[in-house]
Amino acid sequence: MISRRVFLKDGGLALVSLGFAPQFLARAVAAAAPRRKVLVTIFQRGAVDGLNMIVPFGERDYYASRPSIAIAKPGGSAEAAIDLDGFFGLHPRMAPLKPLYDAQQLAIVHACGSPDGTRSHFDAQDYMETATPGVKSTQDGWLNRYLHAREHEHATPFRAVAMASQLPRSLQGLAPALAIGQIGQFGIRAGQATDMVQASFEAEYAAAASGVLNRTGRDAFNAVKMLKDADPARYSPENGAEYPRSPYGDALRQIAQLIKADVGLEVAFAETGQWDHHAQEGAAVGQLATRLADFSNGIAALVRDLGDRMADVMILTMSEFGRTVAENGNRGTDHGHGNAMMVIGGGVRGGKVYGKWPGLAREQRYEGRDLAVTTDFRTVFAEVAGAHLGLTNTPHVFPGFKGPLAVGVVGA
Amino acid sequence: MRTLRVTVLAVAALLAATSTAGRGEGTNSAVPTNPDDRTIVHVLNRLGFGPTLGDIERVRRIGLPAYIDRQLHPERIDDTALRDRLATFETLSQSTQQLAERYFLPAQMARRERQRSPAAQDPSMTTESSAARRREALTPAQTEVVRMEREALSELMQAKLVRAVYSERQLEEMMVDFWFNHFNVFVGKGIVRLYLNEYERDVIRPHALGKFHDLLRATAESPAMLFYLDNWQSAAPEGATLADDNPARRRAGAIRPRTGFGRPGQVRRPTTLANPTASTQNRRRGLNENYARELMELHTLGVDGGYTQKDVQEVARAFTGWTINAPRQGGSFRFDPRMHDDGEKVVLKHKIKAGGGKKDGDDVLALLVAHPSTARFIALKLARRFVADEPPAALVDRAARRFRETGGDIREVVRTIVTSSEFFAANAYRAKVKTPLEFVVSAVRATGTPMANVLPLVQAVRNLGMPLYGCQPPTGYADKAEAWVNSGALLNRMNFAVTLTSGRSGRGPGLRPALGERATPEPAIGSAELVKSALAGEISEATASTIAKATTSPQALALVLGSPEFQRR
């Protein structure tokens with residue numbers, strides 16, 4: 001990273017080549033734009049079946065409870081789980097993630113989830129995104145509270161970006177955050193008259209009497225120009241990375257572009273859906289397998305594409321709750337409780353499945369049916385926010401949370 | 001506005017003597033009798049979704065005090081033109097049971113069959129083609145029922161915009177929107193979508209300017225709210241005395257004892273649930289506090305209204321057994337004594353005697369309506385909607401007092417606010433930033449854009465971040481500027497202005513169909529006319545000069561609608 005883009009207060013964008021810049025300027029740039037850590041969060045909406053994603057093949061009860069959808073023990077076959085530690089294995093379609101685990105850049109926290117027992121997608125997603133399980137009236141998301149707690153003068157309009165048409169709950173709140181469907185579409189779209197119309201609106205808002213419209217208008221047009229100058233679309237995937245051709249794959253590809261374009265991205269959000277497999281879930285092949293392939297290919301492509309930049313980037317995956325230990329009458333699984341989360345990045349103490357494993361015997365289950373939760377999801381959130389992003393004001397972001405504040409996944 | 005204040009006293013005296021006299025209404029009306037354009041535009045922007053072409057003259061002809069009084073009595077306003085427009089939406093008048101039978105249950109069955117079909121589990125199905133494949137997996141008949149279900153919801157959303165744009169009863173639409181948002185339910189939570197139509201039509205609308213107590217009771221007993229905030233499955237905790245086990249009640253003959261039914265301390269779940277999975281999932285669950293908490297925090301007392309966690313639990317106990325009869329078939333409210341905790345409760349220091357049954361919940365509602373915190377909280381929210389994000393304390397005090405004096409008569413509280421000197425004060429003018437709904441509707445009204453196809457507008461409101469019926473948390477959408485002003489949203493508003501006025505498709509939400517059968521996309525209104533009728537001619541020099549520089553008429557209109565002035569009301 002010899003050259004850095006510096007976002008100046010007036011909204012202009014200066015390209016400063018540190019090698020040739022006067023020393024004072026180089027120092028100023030270094031001070032003004034410290035290399036910021038980036039967090040990419042991925043929400044698997046619909047409650048992924050964590051027990052077929054991170055397979056506890058060492059559990060007899062796993063196989064007893066899932067006669068038609070269990071993933072076979074590791075052992076040569078391409079249909080079998082990929083061994084991680086002699087007890088847990090990856091779903092076979094998640095093979096692209098195995099090299100990351102082996103390189104200790106991927107950590108898994110199993111039996112992880114919410115202290116609240118709701119099995120409503122709506123409530124559980126809400127609780128996870130606000131990080132206030134059981135409290136419905138929380139208005140802001142945990143990522144937004146993080147942004148608010150760590151506001152700084154070098155923040156750019158692209159500090160927090162959701163690659164989505166609407167801002168997810170996680171990013172809603174007082175701190176500015178952008179929802180962008182397609183980065184190529186961000187800006188004024190008026191055909192041939194675009195430049196003229198944009199300039200006109202800019203003039204109107206520059207003269208606006210109202211503080212908030214005036215300020216936000218200026219921010220908006222600065223962001224448009226910044227994006228235009230940085231032109232993230234020119235960054236094609238590197239290192240042979242191939243993103244899946246899905247909205248989720250597109251989102252990750254564009255997040256990589258924003259990171260490479262140095263527009264000040266600190267928190268990114270992407271989501272992937274269709275995890276709610278009540279019927280015909282499948283095992284090594286089938287509906288879940290297809291979704292897991294998309295999910296894993298996306299993460300693997302992002303990591304490969306970002307290359308050395310992964311030293312500063314962390315990817316955090318989550319889903320609102322897990323699914324029943326036993327399969328149901330339709331060869332699917334119903335809404336459950338505990339699940340697995342993944343943390344990926346250069347700063348991760350990977351190559352390990354974290355969390356106290358509660359076992360799958362009936363009496364070990366939550367309400368006799370689901371994987372019990374032994375790690376509060378907020379523990380993982382808090383560790384990533386603290387150890388990776390540098391948050392110190394933990395109570396502000398996780399109100400009422402008594403900890404623990406780390407499982408030990410961050411800190412290579 | 002200083003001159004306005006001078007006329008205030010004279011007007012108040014006049015009004016007290018004429019239209020409002022004898023009805024026990026506030027006599028401090030500050031409504032000017034000889035208003036200028038900006039005052040009329042202000043009223044049109046606050047009591048409704050903004051002026052249409054010609055509204056300023058119409059209001060002046062009727063007289064501003066009379067106009068406001070008429071809006072406070074929507075039943076006196078002829079709205080047949082709107083009714084004719086809405087007649088094309090056939091689901092609006094159907095009962096929930098009809099909607100369940102015709103749309104929701106068939107679609108649910110189609111989706112289940114689809115999940116079981118071989119195509120849905122084809123391993124070769126790649127992600128990018130999965131959606132298409134899944135559609136292919138449906139038979140034409142299944143595709144049709146799924147489409148019809150979507151259509152039923154879509155009609156509701158379209159109707160909301162049609163009403164906001166065309167209703168003569170603008171204040172009523174404003175109030176329906178306000179109360180729906182106050183008692184928010186979310187289309188995306190389970191079967192709420194099945195009940196949305198009746199919730200707005202039969203629960204909210206009839207009481208929008210009525211008595212707060214009636215409105216609160218109607219929401220408390222509505223399946224939409226019971227499901228959304230989980231009260232339908234809240235049952236007496238273990239060890240509680242159930243309503244149909246209570247010896248006192250049995251002696252009183254309130255409920256006949258059931259032979260062979262559960263002993264005290266054992267909670268039996270109702271067996272009437274349409275979905276066996278749900279009943280299995282919820283077995284052994286006791287008290288659910290969600291409704292109790294939001295009832296006090298969001299519906300009545302407000303977060304600092306003076307209740308404790310203990311009160312939340314006691315209120316939750318009072319509402320146990322308030323449930324839904326066969327929810328997935330569109331059933332209605334039902335009190336189930338087998339789920340009700342019939343012991344004594346203490347709510348806000350008031351004792352509710354054991355053995356009250358369903359009445360426990362009614363008692364709690366009455367307590368809450370009478371509580372001074374409720375008067376204050378409702379007054380504050382209304383004043384925020386009608387006057388300013390941080391409304392003047394004196395006005396909130398007066399409105400709260402009016403709430404208490406009238407036993408929670410919403411019409412009179414609103415009247416107090418919209419006839420107050422604070423409402424007409426200079427610092428209230430354009431003090432509110434429009435929500436996306438207000439922005440889109442006011443733009444359509446101001447330009448007179450015909451709405452032949454409303455769907456692109458539904459989509460536009462969604463793109464601006466305010467999907468109709470799509471607010472997830474029970475707080476409802478925020479009514480403050482900072483929630484709606486961010487750079488992405490602002491650019492989207494400008495793009496909406498461009499698209500609406502250009503009539504060109506393939507850009508943004510693609511509003512060409514909204515222009516309907518009109519042969520030419522050339523807007524019917526000129527930019528000067530628009531500035532005068534929608535903004536009372538008051539724009540900044542910068543806005544005026546950019547409009548003057550526009551090369552086409554649609555462009556000039558876009559520069560008005562996307563301007564900072566038009567973002568405010």
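1. Let's start with a loop: Gln274(A) sits between β10 (267-272) and α10 of chain A. Helices here are DSSP runs of H or I with at least four residues, strands are runs of E with at least two, and both are numbered from the N terminus. Gln274(A) has a positive phi of about 65° although it is not a glycine. Most residues other than glycine have a negative phi, and most peptide bonds are trans. Gln274(A) counts as partly exposed, because it has 19 C-beta neighbours inside 10 Å. On this scale, a residue is buried with 20 or more other C-beta atoms within 10 Å of its own, exposed with 12 or fewer, and partly exposed in between, with C-beta atoms placed from the backbone.

2. A word on what you're looking at. This is a predicted model, where local features need pLDDT of at least 70 and side-chain atom pairs count only at pLDDT 80 or more, while totals for chains, interfaces and linings use all residues. Residues are numbered from 1 along each chain as its sequence is written, and chains are lettered from A and ligands numbered from 1 in the order in which they are written.

3. Asp230(B) counts as buried, because 20 C-beta neighbours lie inside 10 Å.

4. One more backbone item: the peptide bond between Gly403(A) and Pro404(A) is cis, with omega about 5°. Look for Pro404(A) in the segment after α12 (394-397) of chain A.

5. Now chain B as a whole. Its secondary structure comes to 27 helices and four strands. Of the 569 residues in chain B, 52% are buried. Take the contacts in chain B between residues at least 6 apart in sequence: 72% of them join residues at least 24 apart. A contact here means that the C-beta atoms of two residues, placed from the backbone, lie within 7 Å.

6. How is chain B divided into domains? The assignment gives domain 1 (2-74), domain 2 (82-121 + 137-227), domain 3 (229-369) and domain 4 (436-567); such bounds come from an automatic or database domain assignment. Domain 2 and domain 3 of chain B touch, with 17 residues from domain 2 and 17 residues from domain 3. On the domain 2 side, α6 (96-116), α11 (212-220) and α12 (223-228) of chain B each supply at least two residues. α11(B) gives the most to that side, with five residues. By class, the domain 2 side has 12 nonpolar, three polar and two charged residues. Nonpolar covers Ala, Val, Leu, Ile, Met, Phe, Trp, Tyr, Cys and Pro, charged covers Asp, Glu, Lys and Arg, and the others, Gly among them, are polar.

7. Axes are lines fitted to C-alpha atoms, for helices over the stretch in contact, and angles run from 0 to 180 degrees between N-to-C directions. Angles under 35 degrees count as roughly parallel, over 145 as roughly antiparallel, 65 to 115 as roughly perpendicular and the rest as oblique. On the α21(B) side the contact uses Phe439(B), Val440(B), Ala443(B) and Thr447(B), and α24(B) brings Arg493(B), Phe496(B), Ala497(B), Leu500(B) and Thr501(B).

8. α21(B) also packs on helix α8 (residues 140-166) of chain B, at an angle of about 50° and with axes 9 Å apart. That pair is therefore oblique. Leu161(B), Ala164(B) and Val165(B) of α8(B) meet Val441(B), Val444(B) and Arg445(B) of α21(B). The contact has five nonpolar, no polar and one charged residues.

9. Finally, the two chains together. 55 residues of chain A are in contact with 50 residues of chain B. The chain A side has 27 nonpolar, 18 polar and 10 charged residues. Strand β9 of chain A holds Ala179(A), which is buried, with 22 other C-beta atoms within 10 Å. Among the residues that Ala179(A) touches are Gln166(A) and, from the other chain, Gly488(B).

Terms used. Lists of a residue's contacts leave out its neighbours within four places in sequence.
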